[in-house]
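Please read the following note beside the sequence and the structure. The points are numbered so that each may be checked in turn.

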Amino acid sequence: MRIMTNSRGTRRSDAHPPGPDGPATLADLARAGVAVFCWCDRCGHSAILDTAPLIAQLGPGFAVPRIATRLRCGGCGARDAATRPAWPSLGQVARHD
């Protein structure tokens, strides 16, 4: 993993590089009609959160990955969460030859 410096002089890792304009924001998800998928890294509990209440509380420019820092697991109470866009599922995809 390399550490890089962006145009603002801020260090960042290239292990999970952001998209062309940085990580998705709540406004991006709301425009696309996509919710936020979150899961607990400790117990595996997961949930899907609507963007409207999150925007009301955190603001439209809040980055989706940062939402995890504000969550507590409803299953085990841990603060060890991760978040990403809840992209629509393609269903089960399998290839059987």
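1. Strands β3 and β5 pair in the antiparallel sense over 5 bridges. Two strands are taken to pair if DSSP finds at least two bridges between them. Strands (E, at least two residues) and helices (H or I, at least four) are DSSP runs, numbered from the N terminus. Within this pairing, V36 has P85 of β5 as its bridge partner.

2. The model is a predicted one, in which local features need pLDDT of at least 70 and side-chain atom pairs count only at pLDDT 80 or more, while totals for chains, interfaces and linings use all residues. Residues are numbered from 1 along each chain as its sequence is written, and side-chain values use heavy atoms, with hydrogens and water left out.

3. Strand β3 (residues 36-40) also pairs with β4, again in the antiparallel sense, over 4 bridges. F37 has I48 as its bridge partner in β4, and C38 stands opposite A47 of that strand.

4. Together, 3 strands form an open, antiparallel sheet in the order β4-β3-β5. β4 (46-49) and β5 (81-85) each have a single partner strand and stand at the edges, so one side of each is left without a neighbour in the sheet. From one strand to the next, the twist averages 25 degrees; axes are lines fitted to C-alpha atoms, for helices over the stretch in contact, and angles run from 0 to 180 degrees between N-to-C directions.

5. Buried means under 20% relative accessible area, exposed over 50%, and partly exposed in between (1.4 Å probe, protein chains only).

6. W39 of strand β3 is partly exposed, because its relative accessible area is 27%. Leaving aside neighbours within four places in sequence, W39 is in contact (heavy atoms within 4.5 Å) with H45, S46, D80, A81, A82, T83 and R84. The C-alpha atoms of W39 and R72 are separated by 9.9 Å, although these residues are 33 apart along the chain.

7. The protein as a whole has 2 helices and 5 strands, and its pattern along the sequence is β-β-α-β-β-α-β. Of its 97 residues, 26% are buried. Among contacts with a separation of 6 or more, 53% are between residues 24 or more positions apart.

8. I67 lies in the loop between α2 (51-58) and β5. I67 counts as buried because its relative accessibility is 0%. Not counting residues up to four places away in sequence, I67 touches L26, V36, L54, L58, F62 and T83. I67 and T25 are 42 residues apart in sequence and 9.7 Å apart in space, C-alpha to C-alpha.

9. T25 is found in the loop between β2 (11-13) and α1 (26-32). With a relative accessibility of 18%, T25 also counts as buried. Beyond four places in sequence, T25 touches P60, G61, F62, A63 and V64.

10. C73 is placed in the loop between α2 and β5, and its relative accessibility of 11% makes it count as buried. C73 touches C40, C43, H45 and A78, when residues up to four places away in sequence are not counted. C73 and C40 are 33 residues apart in sequence and 6.1 Å apart in space, C-alpha to C-alpha.

11. The second largest pocket has a volume of about 170 Å³. On a 1 Å grid over the protein atoms alone, a pocket is an open set of points with protein on both sides within 12 Å along at least five of seven lines, and lining residues have an atom within 4 Å of a point. Grid points are joined across faces, edges and corners, and a volume is the space filled by probe spheres set on the points.

12. This pocket is lined by 13 residues, of which C38, H45, R72, C73 and G74 lie nearest its centre. β3 and β4 are the elements that give two or more residues to the lining. By class, the lining has 9 nonpolar, 3 polar and 1 charged residues. Ala, Val, Leu, Ile, Met, Phe, Trp, Tyr, Cys and Pro count as nonpolar, Asp, Glu, Lys and Arg as charged, and the others, Gly among them, as polar.

Notes:
On a 1 Å grid over the protein atoms alone, a cavity is a set of points where a 1.4 Å probe fits but cannot get out, and a pocket is an open set with protein on both sides within 12 Å along at least five of seven lines; lining residues have an atom within 4 Å of a point.
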